[in-house]
Amino acid sequence: MTSTDTTHPDAAPFLSLEAVRKTYPGVVALDRFSMEVRPGEVIGLVGENGAGKSTLMKILGGVTRPDSGTITVDGAAHDGLTVEQSIGSGIAFVHQELNLFENLDVAANIFFGREPLRAGPLKLVDRARLREMVAPLLKRVGANFSADAPVASLSLAQQQMVEIAKALSIKARLVILDEPTSSLPIAETEKLLDVIKGLKAEGISVIFISHRLHEIERVADRVVVLRDGTLAGTLAKVEINHDEMVRLMIGRMLKEREKAGEAARAPGSVALSADAIRTSTYPDRPVSLELRRAEILGLAGLVGSGRTELARVLFGVDERLAGSVTLDGKPLDVGSAADAVANGIFLVPEDRKLTGILLDLSIAQNITLPNLPAHARRSLVSTGAELATAEKQKKNLGIKAPSVLTRTGTLSGGNQQKVVLAKWLAMNPKVMILDEPTRGIDIGAKAEIYGLMRALADAGVAVLMISSDMEEVIGVSDRIAVMHEGQISGILDKDDFSQENVLLLAVGKKPKSLQAAGGVE
Amino acid sequence: MSKKDLGLLILILVVGAVVTAINPRFLSTINLANTSNLVALFGILSIGQAFVIITGGIELSVGSLIALLGTLFIDFIAVRELDWPLAFVVIIALGAVIGFVHGWLITRLKLQPFVVTLCGLLIYRGVARFYTADGTAGFAFGQNFPTLEFLTAGRSGGLPNSFIALIVIAIVMWVVLHRSVFGRYLYAIGKNEEAAKYSGIRTGRIIIAAYVICGVLTALSAIYFAMYTRSISPASHGQFYELYAIAAAVLGGFSLRGGEGSLVGVVLGTVLLQELQNLVNLLGIPSSLNFAVMGGVILIGVLVDQQWGVFRARRRMMEATRQNVAGAPAE
């Protein structure tokens, strides 16, 4: 694409992985994975959530050791890297979540812990020298801000430049950018892509991880596609195009339409309707959505597309900036989770351990917490009523625990999730929102949770399931809504379910099959 | 009674036995009556503090509040000649209002409890001193309030009435903390406020209520302290009492992170603190060492408790690992 192509196809690779395998209990995260990165090469790394990208990053960063395989950095072969080896050989990371001290200025962040000191016993920071050292780094990343600017005053893209400058300051030879653009507006993204080109021109290798495939198309020299922990394919520069990447990401599923289970059901009446809601994460993107009774609506999209934020607003824990909500046709003002619960709108949150349950309380105490007054006489908790409810739910959901008095913190993830479900099932849900309900749960418990969601829908509850697991979304939902950058990019009916369609909508493109039919909002 | 409380009780009895062996006057009627009166006064205060600490908050202004409300109470009945029941109600209401304001600032305006109540500590002390023009509030010669004096400083069958009041309050508050819906909410909020909110609890209201309870009990103990000392110099009255209350709660097994502790514990913590004070007097330890003894004992107590907790956590982990190895499905 550029005339200043500095990739040296014949040069020895800076990094090469050979047959790397990493397993976690019950999961093969990475298997027979091989790739090479040559000096000055920009590699686009793509794959769905859970395809193994994070594991690969952890291995390169020295955070985890692979079970087998060889990692060769700069000619030296290793079974696995340590963090020190990773840093020492010039591998630098820029994470989606930035690791900057917002209260310090740019220069202090770049050389944090490595500040040049003045002579003398006091070890004062030599600020003049520090500035001299920072200036060329900022120039290299094309910074338009000064070294004295507090990081908190910078935009996200500028903060990312600080991170990249930090990487350059340790003489990085490979910079790994983990979804750097996922939260950037378009103009800022351009700047970042320019920085990547600048790195390449200096002979520094880049691994660029992104869900935004058109960005990969523009900067990558080669694309490596991961699927289910294995190398799904490598695309040379001339082969890189959007459809090809999608095909490799979802593999054989491309042409098959997955119509899991029964035929489409007759939709129920509208239970909850959200009209032009705005969340604080995407304040300029109104979202409208209808949840129907007796239906599981899958909410798909990439991480950061605004799904969780939408759920939090509907449940009342986040502020609704604009828009209106109706429940059963009547306007509803949900100002707090307590309001939502009082109206039968329940949330099984994404972060089970922080917000779903209280790890230190017993199963019984967790289950009755949202409905404690119903288990009390004259404001005093009736232990009998509490235990009865808990025992019933424990039995119905098959919670595996010695007793309902067991601390929930000692349970497995699947059983903890069942406790979260149990507390809502013990009440009368009208609308049930589940955010990644099967994350971190073993396969057996997953199936049980799918069964519970189906049973809820059959009982007339409107179910909204947020999930990043493609097979789950397609296999469980009756309809699928897909979010992209804070907005619903399309709603798929059962006949249009396919991984390809979901993925296209998730990256902001319209599936061809739907364009004619006009099935997209 | 939990194991923790039982351990504390045993410690109290052992210390008591040792002190008695050295100085038998420890068990004299007059010493026991005096000590139990002080236990009552500090106990009521500490129970209030415990309700705030259980939410993960802290109330630093109670010492100054005791000076301010005590001054006002004596001024109302001795100088302004209000009927004492009316003055009583006004003081309790003032305590409730101040607690409400603290809770409101903390939950609605998201200020830190430490900061809000530290400002309270400074403000109420200053107001109390200004109110009396740095003088002393007290009763005129011959002024008597027989009923009030009987209720606060009198005795029934050898027991100080204040101690009876403590027992009644402790029982009521035990039920509230350990048996009521509100008490369960308090623990839930202290353990994990976010998760409590996600369970539909109106956490703000519950936290405000905890500060109101603390304010009311502080006001009540302010009246007791006022009737006990009978004259108040607002510059020093009640100084460091917030620390006595916090110390009693900590000794009683409360975690300053919230969500942990029992009512029996905070009462026993108060008993131990007063026993230590008494010990300093009876064993002829220079009274200047008073605080040093208290601080030392609290430090040792917390250390033992913490090490015990580490030990138990490690044992629990070992057991869990063994179970996992035995074939429980990994997550």
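## Where the chains meet

In this predicted model, 30 residues of chain A are in contact with 21 residues of chain B. Two residues are in contact if their C-beta atoms, placed from the backbone, lie within 7 Å. On the side of chain A that touches chain B, the elements giving two or more residues are α10 (337-342), α11 (352-356), β18 (380-381) and α14 (413-425). Helices (H or I, at least four residues) and strands (E, at least two) are DSSP runs, numbered from the N terminus.

By class, this side of chain A has 18 nonpolar, nine polar and three charged residues. Ala, Val, Leu, Ile, Met, Phe, Trp, Tyr, Cys and Pro count as nonpolar. Asp, Glu, Lys and Arg count as charged, and the others, Gly among them, as polar.

## How to read the model

Residues are numbered from 1 along each chain as its sequence is written, while chains are lettered from A and ligands numbered from 1 in the order in which they are written. The model is predicted, and local features need pLDDT of at least 70, side-chain atom pairs count only at pLDDT 80 or more, and totals for chains, interfaces and linings use all residues.

## Domains of chain A

The domain assignment of chain A gives domain 1 (15-90 + 173-181 + 204-250), domain 2 (99-172), domain 3 (263-344 + 430-521) and domain 4 (359-427). Such bounds come from an automatic or database domain assignment.

Take domains 1 and 3 of chain A. Their C-alpha centres lie 32 Å apart. Ten residues of domain 1 are in contact with eleven residues of domain 3. On the domain 1 side, helix α8 (residues 242-250) of chain A gives the largest share, three residues. By class, that side has four nonpolar, four polar and two charged residues.

Strands of a sheet pair through backbone hydrogen bonds, either parallel or antiparallel. In chain A, four strands form an open sheet in the order β12-β11-β14-β15, and the pairing is antiparallel. β12 and β15 of chain A stand at the edges, each with a single partner strand, so one side of each has no neighbour in the sheet. Neighbouring strands of this sheet are turned by 20° against each other on average, direction ignored. For such angles, axes are lines fitted to C-alpha atoms, for helices over the stretch in contact, and angles run from 0 to 180 degrees between N-to-C directions.

Two strands pair if DSSP finds at least two bridges between them. Five bridges join β11 (residues 270-278) of chain A to β14 (residues 322-327) of chain A. Ala274(A) has Val325(A) of β14(A) as its bridge partner. Asp275(A) stands opposite Ser324(A). Three bridges join β14(A) to β15 (residues 330-332) of chain A. Here Leu327(A) has Lys330(A) as its bridge partner. The hairpin of β14(A) and β15(A) has two residues between the strands, and Asp328(A) takes a positive phi near 55° there.

## Positive phi in two loops

Lys171(A) is not a glycine, yet its phi is positive, at about 55°. Lys171(A) lies in the loop between α5 (156-169) and β7 (174-178) of chain A. Lys171(A) counts as exposed because it has 9 C-beta neighbours inside 10 Å. A residue is buried if 20 or more other C-beta atoms lie within 10 Å of its own, exposed if 12 or fewer, and partly exposed in between.

Ala294(A) has a positive phi near 60°. Its loop runs between β12 (287-292) and β13 (295-301) of chain A. Ala294(A) has 19 C-beta neighbours inside 10 Å, so it counts as partly exposed.
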